[in-house]
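Q: Please take a close look at one part of this model, the salt bridges, and go through them in one connected account.

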Amino acid sequence: DVTEIEEKEEQAKQEEQIIKEQELSNLLHEKRYLRALGLAISLDRPHTVLTVVKAILKETDGKKHLEENIVRLRKDQKEAVLGFLVTWNTNSRNCHEAQAVIEILLKHEAPDSLLQYSGIKSAVESLLPYT
């Protein structure tokens, strides 16, 4: 019977999730936005990524700080953010943040580089009606 082993593994996963959530909360409180973005992306939490983006934009020189943080993300993280912002862009409350991130990606990524992103075609098709 492996039920007990599976329960322990599930409990360990839940504990790890709680620890990561606490770490994310601490990073936001400490204004360590790059690490917070990376952690929220790795947890696959689009709303949390949006919260981090909004927190950055509220800072003095927020657009500049957002740009610095987005540029420093890895390619796979940028792909994830692109997927998230497609959804953000459909909501009028979050479209400004989505547009700010799109602007940064378009400004700092070469067109050939953007074409290598997974899901770029569907992302652009989804963004066009709302942009």
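Is R45 buried, partly exposed or exposed?

A: R45 counts as partly exposed, at 28% relative accessibility; buried means under 20% relative accessible area, exposed over 50%, and partly exposed in between, with a 1.4 Å probe and protein chains only. The model is predicted: local features need pLDDT of at least 70, side-chain atom pairs count only at pLDDT 80 or more, and totals for chains, interfaces and linings use all residues. Residues are numbered from 1 along each chain as its sequence is written, and side-chain values use heavy atoms, with hydrogens and water left out.

R45 is the partner of E21 in a salt bridge (a side-chain nitrogen of Lys or Arg within 4 Å of a carboxyl oxygen of Asp or Glu), and their closest N and O atoms are 2.3 Å apart. This pair links distant parts of the chain, 24 residues apart: E21 is in helix 1, while R45 is in the loop between helix 2 (33–42) and helix 3 (46–58). Helices here are DSSP runs of H or I with at least four residues, numbered from the N terminus. E21 is also partly exposed, at 30%.

The whole structure has 11 salt bridges. Among them is E59 with K31, where the closest N and O atoms are 3.4 Å apart. E59 lies in the loop between helix 3 and helix 4 (62–71) and K31 in the loop between helix 1 and helix 2, 28 residues apart. E59 has a relative accessible area of 26%, so this residue is partly exposed.

Within helix 1 (residues 3–29), E16 and K20 are 4 residues apart, about one turn of the helix. Their salt bridge has its closest N and O atoms 3.5 Å apart.

Key. Helix = DSSP H or I, 4+ residues; strand = E, 2+ residues; numbered from the N terminus.
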